[in-house]
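The following exercises concern the structure shown below. Each consists of a task and a solution worked in steps.

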Amino acid sequence: MRTLDLALIGNCTIGALVDAQASIIWGCFPRFDGDPAFCALLKDSDDYGFFAVELADWERTEQHYLQNTAILLTRLYDRHGGAVEVTDFAPRFGQYGRMFRPMMLVRRIRRICGNPRLTLRLRPACDDGAARPTVTWGSNHIRYVAPALTLRLTTDASLTAIQQETPFFLEDTVTLLLGADETVHESASEVGRRFLEETAQYWREWVRILNIPYEWQEAVIRAAITLELNAYEDTGAIVAAMTSSIPEAAGSGRNWDYRYCWLRDGYFVVNALNRLGATRTMERYLGYIVNIAANAGGAPLQPVYGIDGRADLDEREVPALAGYRGMGPVRIGNLAYRQVQHDVYGSAILAATHIFFDQRLTRRGDEALFHRLEALGEQAVRCYDQPDAGLWELRGSARVHTFSAVMCWAACDRLSRIAGRLGLVERASYWLDHSRRMHKTISRRAWSERRGAFVSTFEGEAMDASLLLLAEVGFLHASDPRFAATIIAVEKDLRRGDFIFRYVEKDDFGEPENAFLVCTFWYVNALATLGRREEARALFEKLLACRNRHGLLAEHIDPRSGEQWGNFAQTYSMVGLINAAIRLSIRWDQAF
């Protein structure tokens with residue numbers, strides 16, 4: 001049975017998921033949102049859509065990342081004393097003054113001991129899992145020819161053994177380079193060795209410059225690398241997750257395609273990257289968001305865009321793929337792009353605010369950029385008290401959501417601060433007046449006297465987890481008794497065991513069954529803000545224990561079994577881990 005006990009490899013051009021037996025079961029080409037050549041994760045048969053290394057008489061497996069890298073090592077042992085080590089990675093390193101990050105996966109399989117006998121099964125799919133490519137070959141390569149893209153495997157292994165899937169004894173090491181249909185001019189072995197050394201060095205140097213907390217270093221480093229792997233470097237976009245259509249709960253039908261960039265994530269992602277000191281990734285992401293905002297030309301923003309910035313993400317179901325554990329449907333595209341979600345204006349402006357205040361960045365904010373952002377602020381003023389789908393993207397209803405209103409307020413508040421930074425006194429006053437008026441309205445209409453707390457919608461009574469962020473975005477001061485009262489109300493309504501649900505009301509698909517992981521990280525941060533630090537630390541440790549063997553998190557978790565559900569690896573969840581660890585860790589100067 002499929003599980004999410006998977007490892008992520010990639011290089012900011014492509015990404016792939018590898019299972020415990022060293023099979024690549026998910027991977028899209030030529031980029032994150034491309035055709036899933038490896039789609040076994042969402043298939044109900046084992047006929048194709050994977051790249052497997054099968055060891056005869058297999059007995060057990062050991063698997064881990066090479067420390068401080070995105071390089072995966074899998075050791076397979078047979079019952080007769082034989083063993084092999086599979087090294088999986090996507091090349092990434094500096095070369096000729098630029099980053100080398102080809103559309104390529106590298107697999108090196110090395111004999112450790114004994115007489116291991118292998119079968120290599122490379123069976124890519126095409127057309128969203130509906131077909132297999134045509135196969136041709138040359139002297140040292142095999143080509144997998146599909147209508148949209150041709151992949152080439154260059155290798156020093158027997159081509160016959162690969163094509164006919166015949167077992168062979170591994171005597172030393174074989175290297176397999178799967179990538180673009182281009183000639184490799186050196187030996188596969190030499191290319192694989194050099195790429196491995198260069199990629200390992202790149203990741204170790206990247207980790208060395210991170211600002212990590214004293215405590216939970218391993219967890220934060222792995223989360224940071226995972227966040228980086230979800231970044232599409234060519235445009236700066238960061239996808240919500242690598243996968244599509246892994247359900248939020250068993251049989252729920254809540255199956256969505258997350259291989260796109262949500263503007264809402266911008267504020268949280270940029271904050272995490274800033275705290276880590278990963279300024280290059282942060283700067284590329286800010287560039288993506290600024291371009292999206294500029295291209296809108298004053299028109300309403302969508303909540304989600306393609307990684308290339310495209311607006312049209314039409315959603316369709318894929319009949320050839322049965323879904324995770326047969327739980328379809330599998331969807332490509334995401335209709336959320338058509339939704340009205342007013343918090344996007346705050347999300348975009350809060351993320352862009354860094355450009356005006358962070359002196360580490362190469363690109364600095366100026367008056368021209370500020371005036372482009374003002375168009376988003378005007379949208380926020382117009383819609384902050386109007387109904388929308390909310391951050392939880394409800395498809396069947398529209399209400400005036402408190403979080404959306406608060407983020408619109410935040411847009412105006414930050415524009416006032418940016419104008420002050422630029423010395424634009426009149427514009428600073430203009431946006432300050434708007435923010436004060438909006439704050440007063442939200443404080444009146446989103447506050448429930450009966451509940452004694454802020455609630456999820458204007459004049460409503462229900463709670464949702466976004467209320468945990470009222471201090472985070474600056475709407476309330478941490479010492480405001482209304483914030484503490486709201487946290488208590490969230491605890492009462494949304495906590496189930498150790499986890500916080502995003503909401504518990506019925507929606508288009510019924511009552512939510514599993515907890516949204518980032519909400520519990522928000523709760524941990526709120527507890528710390530309120531001075532309940534030891535309680536927050538204890539809960540954070542429990543959340544760390546929910547990670548899979550590689551330190552990765554999906555979107556949802558079953559509060560009863562602890563099983564992870566939802567798309568994987570989830571950017572939101574990894575950001576939540578990073579932010580909580582930084583907030584809760586003791587300082588370096590207190591450690592010794």
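**Exercise 1. A helix pair**

Task: Determine how helix 8 and helix 9 are oriented relative to each other.

Solution. Step 1: the axes of helix 8 and helix 9 (residues 425-445) lie 8 Å apart and form an angle of about 155 degrees. Axes here are lines fitted to C-alpha atoms, for helices over the stretch in contact, and angles run from 0 to 180 degrees between N-to-C directions. Helices and strands are DSSP runs numbered from the N terminus (helices H or I, at least four residues; strands E, at least two).

Step 1: angles under 35 degrees count as roughly parallel, over 145 as roughly antiparallel, 65 to 115 as roughly perpendicular and the rest as oblique. Helix 8 and helix 9 are therefore roughly antiparallel.

Step 2: the crossing of helix 8 past helix 9 is left-handed, a term used if the near helix is turned anticlockwise from the far one by less than a right angle (right-handed if clockwise).

Step 3: the residues of helix 8 that meet helix 9 include W409, C412 and L415. On the side of helix 9, W431, L432 and M438 are among the residues involved. Contact means heavy atoms within 4.5 Å.

The model is predicted: local features need pLDDT of at least 70 and side-chain atom pairs count only at pLDDT 80 or more, while totals for chains, interfaces and linings use all residues. Residues are numbered from 1 along each chain as its sequence is written, and side-chain values use heavy atoms, with hydrogens and water left out.

**Exercise 2. The nonpolar core**

Task: Identify the residues with the most contacts inside the largest nonpolar core, and state which helix gives the core its largest share.

Solution. Step 1: a nonpolar core is a set of buried Ala, Val, Leu, Ile, Met, Phe, Trp, Tyr and Cys residues joined through side-chain atoms within 4.5 Å. Buried means under 20% relative accessible area, exposed over 50%, and partly exposed in between (1.4 Å probe, protein chains only).

Step 1: the largest such core has 221 residues, and I109, L301, W522 and F540 have the most contacts inside it. Its largest share, twelve residues, comes from helix 8 (residues 402-422).

Step 2: beyond its neighbours within four places in sequence, L301 is in contact with L263, I292, A293, A296, V344, Y345, A348 and L376.

Step 3: Y345 is also among the residues touched by Q379, together with G298, A299 and P300, when residues up to four places away in sequence are not counted. Q379 belongs to helix 7 (residues 367-383) and counts as buried because its relative accessibility is 10%.

**Exercise 3. Backbone exceptions**

Task: Locate two cis peptide bonds and two positive phi values in residues other than glycine.

Solution. Step 1: most residues other than glycine have a negative phi, and most peptide bonds are trans.

Step 1: F29 and P30 are joined by a cis peptide bond with omega of about 5 degrees; P30 is in the loop between strand 3 (24-29) and strand 4 (35-38). The bond between F568 and A569 is also cis, with omega about -20 degrees, and A569 sits in the loop between strand 30 (564-565) and helix 13 (571-584).

Step 2: Y96 has a phi near 55 degrees and lies in the loop between strand 9 (93-95) and strand 10 (98-100). Y96 is exposed because its relative accessible area is 71%.

Step 3: R325 has a phi near 55 degrees and lies in the loop between strand 22 (316-317) and strand 23 (331-332). With a relative accessible area of 24%, R325 is partly exposed.
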